[in-house]
Amino acid sequence: SNEDFFNELYEVCAKFDIPMEGISSENAPGQFEINLKHKDDPLIAADYAVLFKRFIKGIAKRCNKKATFMAKPFPGIAGSGMHVHMSLLDKTGHNVFNDDSDLGSGMLKHAVAGILENMIDSTLILAPHFNSYKRLRPGTHAPTNICWGYENRTAAVRIPGGNNTSKRIEHRVAGADANPYLVLSSVLASVLDGIKHKKVPPAPFFGDTYREKLKQIPQSWDQAIECFEHSKTNGNFYPEVFCKVFKDCKRQELE
């Protein structure tokens, strides 16, 4: 049963100090959302995400189940994302995205602007496979437009409500099939770019973004490869050898 599976998963995560919390049933049959508590070291957070996926696959096998982290395993039902929540603390432990208002600080908006501005160039990292683009479709709880909003789950970037002290950005584009190390690198590099250059985002979007004609996330794998290859900023974000090898690898896979 699912209960046996989740009980064993809790036990294994506790044994390896993986900060798993909260399981909820999602839109598709057999689809679950599991949260990992925040870590202040992104490298460790990515380690945990990779180990966590391996544990799930191993335990599923023992329970005579199959676990998949494909972005869109079944065409007619919801796909699976890897949503990243991030806040930023200064040396005193103050969250610099919080200015005690519901809208968040100027630093938050610079960070959002950096993410949105670099999203097209980094889509290949967030959606690295052919199947990834089957998930990025209108009306499926997966973003298609490059926009942000407060408590807006149709936007690529959402600012969750709740306590202002935990003001944060939720990056909703990456699929469950993406590499956690590369996704976190992309998010952090984009945020740094926005903050460093004091970039200003467009107005936050309210309502259903699928109904609007906005700038779109690349809608196909080949388009994303082109955007990554011709990016002017990826060379500043990642080592040159990575950019070349990643692009060549993806082009070879495409062919």
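Glu226 is partly exposed, because its relative accessibility is 36% (buried means under 20% relative accessible area, exposed over 50%, partly exposed in between, with a 1.4 Å probe and protein chains only). This is a predicted model, in which local features need pLDDT of at least 70 and side-chain atom pairs count only at pLDDT 80 or more, while totals for chains, interfaces and linings use all residues. Residues are numbered from 1 along each chain as its sequence is written, and side-chain values use heavy atoms, without hydrogens and water.

Now look at the partner: Glu226 and Arg251 form a salt bridge at 3.2 Å, N to O (a side-chain nitrogen of Lys or Arg within 4 Å of a carboxyl oxygen of Asp or Glu). Glu226 sits in helix H7 and Arg251 in helix H9 (residues 240-254), 25 residues apart (helices are DSSP runs of H or I, at least four residues, numbered from the N terminus). Arg251 is also partly exposed, with a relative accessible area of 22%. Through shared partners, salt bridges join Glu226, Glu229, Lys244, Lys247, Asp248 and Arg251 into one network.

The whole structure has 14 salt bridges. Another one pairs Arg62 with Glu8, with the closest N and O atoms 2.1 Å apart. Arg62 belongs to helix H2 and Glu8 to helix H1 (residues 2-15), so this pair ties together parts 54 residues apart in sequence. Arg62 itself is exposed, at a relative accessible area of 60%.

Notes:
Helix = DSSP H or I, 4+ residues; strand = E, 2+ residues; numbered from the N terminus.
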